[in-house]
Amino acid sequence: MAGLYKNYIDGKWAEGKSGKTFENRNPANRNDLIGLFPASVLEDVDRAVGAAKKAFGRWRLIPAPKRGEILYQAGELLRKRKEEISRVMTREMGKILKETRGDVQEGIDTAYYAAGEGRRLFGETTPSELPDKFAMSVRAPMGVCGLITPWNFPLAIPTWKLFPALLCGNTVVLKPAEDTPHTAVKLFEILEEAGVPPGVANLVHGTGGETGAALVRHRDVRLISFTGSTAVGREIAAECGRSLKRVSLEMGGKNAQIVMEDADLNLALEGAVWGAFGTTGQRCTATSRLILHREIKKEFTEMIVDRAEKIKLGDGLDESVEMGPLINGEAREKVHRYVHIGKEEGARLLTGGAIYEEGKWIDGYFYRPTVFDKVTPAMRIAREEIFGPVLAVIEVEGFEEAIEVLNGTPYGLSSSIYTRDVARAFRAVRDIEAGITYINGPTIGAEAHLPFGGVKETGNGHREAGTTVYDIFSEWKSVYVDYSGKLQKAQIDNAE
Ligand code: NAD
């Protein structure tokens, strides 16, 4: 029996006001109905924001180390329930258990990191230009934050936003992706058990166009933190621009791995397989372009095609499976459409390029690992985000051309180069236009304590994770304490 799930508002599980629901189904088997979730409307969003606004008054005054202890508890509970949540996530999102365990682990790491930050949240002290005057900067919370998240990291991405936001003293309303609402419910069960007070963290399910848009437009929301597609991010940024809300955007990517002629090819192969086909290519940091030096191009292409053809597809809950389905039918159609575009553009399909419907997988959204050869940088399959297991091989003559090709897309999230030449490695770090560069590692594998985000159309200058996420979720306040007992005028009394 599929469950009927609720929103979480002001410390209580609450039905949606409209009474309407949407279905959540297993992408490995669409006959498996996981549950019904409220299709929330403006009134639900309004209630959640109202609860968050009311709770802000008390939460902001709780000392940050104490807030950190609550988040530490959340991390402990996530650790205890890691296996249960990983299974819930694989069932609704499709990626294999090994990866959903990694997704939960990222949430645990983020909780522990936030807990430690509760005893730092450093500001600065600096000398005043005037005598008997003290100067410092402190962080202040912002108020109600609206968090909007995608389905590909159903736990990690909500926690990347939620834990730092709460640690800074904000209250939040989360609108998770409609494809993965069950994991969000699990996260909120944990927040409740960890002791997050009523109203501090609220969960509202629903579609982007209705529920998400209502959150973005709400006048009591001070900040929107969004992860998702560049098209939607652009709309949200425009709306936030009109109301002068702070907006932090993490969006699409078209990441490349360069393999130079001096690289350890076996190592580069492991990286490329994991980068391109891990999470069925549905990571914002997935490798979708393979830029190969002319000298190793033929050999390396054969190696990757051979590996791609051996990948075992199936239900991610089966430990022997290496690649799960795409998230839904629409996503699979999009991938298939791009395969047609690639062929029409003149690229050569080496393997895959087809829906996988064998045996019991007929009811899932599976797609064969796909490799295209003879791709040129101007082709759409080399420039646009496909978000599936499709790899475009581009041949280059040398290092400079490799970097130029890598930089030649509108995006700039992750990047990778395999080379044994240390000088080339450092030149790549200097010249690649991306928020993340890996040397002798794949384009995926970010850690919770380093800044995460991208340049160009991937982001708008903010960085999640690391200490930088605390800049997103706090305001700087400069404080001057004058103990001279007289009026001192900066730039005037002390001027020559
Ligand atoms: P999406 O943009 O379709 O949706 C993301 C979220 O925004 C969902 O919760 C959705 O309901 C909501 N939304 C949709 N329209 C909205 C609107 N008009 N107003 C407010 N909210 C709205 O993206 P997706 O398909 O869920 O995720 C895939 C995309 O996310 C890819 O482009 C991927 O690269 C990107 N992504 C980026 C990062 C990163 O950190 N850079 C991480 C993961 C995913």
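In what order do the 3 strands of the open sheet stand? The order is β1-β5-β4, and the pairing within this open sheet is mixed. The model described here is predicted, so to speak of local features a pLDDT of at least 70 is needed, side-chain atom pairs count only at pLDDT 80 or more, and totals for chains, interfaces and linings use all residues. Residues are numbered from 1 along each chain as its sequence is written, and side-chain values use heavy atoms, with hydrogens and water left out.Strands here are DSSP runs of E of at least two residues, and helices are runs of H or I of at least four residues, both numbered from the N terminus. Two strands are said to pair if DSSP finds at least two bridges between them. Strands of a sheet pair through backbone hydrogen bonds, either parallel or antiparallel. Both senses occur in this sheet: β1 and β5 pair in the parallel sense over 2 bridges, while β4 and β5 (residues 29–38) pair in the antiparallel sense over 6 bridges. The edge strands, β1 (3–4) and β4 (21–26), each pair on one side only.

N26 has N29 of β5 as its bridge partner. β4 and β5 form a hairpin, with 2 residues between them. Helix α6 (residues 181–194) lies across β4 and β5 and runs at about 50 degrees to β5. For this angle, axes are lines fitted to C-alpha atoms, for helices over the stretch in contact, and angles run from 0 to 180 degrees between N-to-C directions.

Turning to the ligand, 27 residues surround it, and the closest are T149, K175, E178, S229 and E385. A residue is taken to be near a molecule if one of its heavy atoms lies within 4 Å of it. Several polar contacts (pairs of N or O atoms within 3.5 Å; within protein, one must be able to donate a hydrogen and the other to accept it, and residues adjacent in sequence count only if both atoms are side-chain atoms) can be described. A polar side-chain atom of E178 lies 2.7 Å from an oxygen atom of the ligand, and a backbone N or O atom of G228 lies 3.3 Å from a ligand oxygen atom. M251 places a backbone N or O atom 2.8 Å from a nitrogen atom of the ligand.

Helix α7 (residues 208–217) contains the buried residues T211, G212, A213, A214, L215 and V216. Buried means under 20% relative accessible area, exposed means over 50%, and partly exposed lies in between (1.4 Å probe, protein chains only). The cover over these residues of α7 includes α1 (42–59), β8 (144–148), β9 (171–175), β11 (221–227) and α8 (230–243). At the start of α7, a side-chain oxygen of T207 reaches to within 3.3 Å of the backbone nitrogen of E210.

Another buried residue, I108, is found in helix α4 (residues 97–117), and its relative accessibility is 1%. Leaving aside neighbours within four places in sequence, I108 is in contact (heavy atoms within 4.5 Å) with G75, L78, R79 and K82. I108 and R79 are 29 residues apart along the chain, and their C-alpha atoms are separated by 6.5 Å.

Finally, the structure holds 0 disulfides, a disulfide being a pair of cysteine sulfur atoms within 2.5 Å. C145 is in no disulfide, and the nearest cysteine sulfur, that of C168, is 8.5 Å away. C145 is buried, with a relative accessible area of 0%, and C168 is buried as well, at 5%.
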